[in-house]
Amino acid sequence: MKNLRGLLLKRGVMALAMAAGGSAALLFGSTALAAVDIQVWTALNSHNQDEFERLVRDFNRSQSDVKVSVKAHDTEASLEQVLQAGKDLPNLVQLGEMSGLDEVADRPYIMPMHTLLAREKMDNVSWFLASNSFVRNGRGQLQGFPYMAEIPVMYYNLDAFDKAKIEPAVPSRVWLDLQAQLVDLANKGSRRCPLTSDQSVSINLENLAAVNNQIYGLAPGPKVKGKVGFDFDVMYIRHLSMMISWVKSELMVKPGTLPESPQRFAKGECAVMFSNSGHIGEYSDTRGLKYAVTGLPYYPEVTQTPGKPFVTGSALWAVKGHNAEQNQASARFISWLAQPENAARWYQKTGFLPVSREAFNATGNDYYKDKGDWMHLVGAYSSGTSGTAKGNFRNYRQIRAVFNQSLESALDGQQPAMTALRTAATQANRLVAQRGR
């Protein structure tokens, strides 16, 4: 903060030298004490947006050198559309990481977070995902601030399991055993929605690999040996075939990309849901909803011990084109968000992964008591890396769109699993081979 105040003081002195005939004391006082304004653009759900804006208000009240304003966008797509216009860009912006880190980090207006924070001394902060590749480059440097990092989990409605008299009242993490439970749930109170999801590609492709400790795909690189791209083998085909049968038998409401699935679960309509962990805070504040979380299912025929899902979500990215005092103000705000008390509060109120080890350690057992396996699922990321890597694929946004379309076609019964997956892999591998984005 001392350097920032120095910049403000320098600005005030320059304004004094330029003033003519006015009250120097008044001009110096008003200018030297003026806060540096920075703007943050976000695209969070309403609950998490409210929590973020509470943090911003607390930051603004805690000091007088920096004033942060927030502009909320309805969706990440609408935020991206405004960014593409290239006018009046913010100081910090929330952008999703889609396993194509270069898609964000290589944008001409993005400044690496490690550059922004180079002169910011951050006491009491050791990064929680330090050994994870999420928003880090090949040298391990922080590209974005992973404040909205999350993982896919399995949510379950405790009342639905009690009503179905399933003991223990926890969904099985073995796919075939979960199928038997869904039949019971459908026959005993949850016929309209035994299972739903809003993460079709994540559950049925990306994390089917990660949780079963399999290679998802080989991204091009100097040290990569073998055929790059995607090759969906028997495990994927059998799994998608089962998902098709679940949709046909109405054990699963077909996954969607809009917020209907999370909203239906919040209303108690669905017994089980696959989605990202960023709903945890919202669901904990939802009156009448009794829920918990556990890990994604796996196939014991493929792996004896389930692996960790890939970290997903979004981060705050620094934007170029601002002066030194604004950049320093942005760094100061990021540093404040990362402090243990503020980071722990954000973690507990949202379900995003803790940004620091201190935030995780500051969270007591009372927070976890009604959340199933959440503490264990998060703690698995406190050290070490996943057994598999997602790979840094160029054009991955387009590739993911191809995968989503193929899965939707298969789940609609328009083509069998093998055809859908082979078509998806062929189209994706053409995109992998392209140099441009």
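The lining of the second largest cavity is made up, by class, of 1 nonpolar, 5 polar and 3 charged residues; here Ala, Val, Leu, Ile, Met, Phe, Trp, Tyr, Cys and Pro count as nonpolar, Asp, Glu, Lys and Arg as charged, and the others, Gly among them, as polar. This is a predicted model, in which local features need pLDDT of at least 70 and side-chain atom pairs count only at pLDDT 80 or more, while totals for chains, interfaces and linings use all residues. Residues are numbered from 1 along each chain as its sequence is written, and side-chain values use heavy atoms, with hydrogens and water left out.

The largest cavity holds about 60 Å³, and its lining has 10 nonpolar, no polar and 1 charged residues. Among the residues that line the largest cavity are Trp127, Phe128, Phe134, Arg136 and Pro354. In total, 2 cavities of 30 Å³ or more are counted. A cavity is a set of points on a 1 Å grid over the protein atoms alone where a 1.4 Å probe fits but cannot get out, and lining residues have an atom within 4 Å of a point. Grid points are joined across faces, edges and corners, and a volume is the space filled by probe spheres set on the points.

The protein chain contains 19 helices and 10 strands, taken as DSSP runs (helices H or I, at least four residues; strands E, at least two) and numbered from the N terminus. Of its 437 residues, 53% are buried, that is, under 20% relative accessible area with a 1.4 Å probe, protein chains only.

Valine 319 is buried, with a relative accessible area of 1%. Beyond its neighbours within four places in sequence, valine 319 is in contact with Leu89, Pro90, Asn91, Val93, Tyr109 and Asn327, contact meaning heavy atoms within 4.5 Å. Tyrosine 109 lies 210 residues from valine 319 in sequence, yet their C-alpha atoms are 5.6 Å apart.

The mean pLDDT (the predictor's confidence in each residue, from 0 to 100) is 89 for the protein chain, and 88% of its residues reach 70 or more. Over residues 12-32, however, pLDDT stays under 50. Where pLDDT is low, the predicted coordinates should not be read in detail.

Notes
Buried means under 20% relative accessible area, exposed over 50%, partly exposed in between (1.4 Å probe, protein chains only). On a 1 Å grid over the protein atoms alone, a cavity is a set of points where a 1.4 Å probe fits but cannot get out, and a pocket is an open set with protein on both sides within 12 Å along at least five of seven lines; lining residues have an atom within 4 Å of a point.
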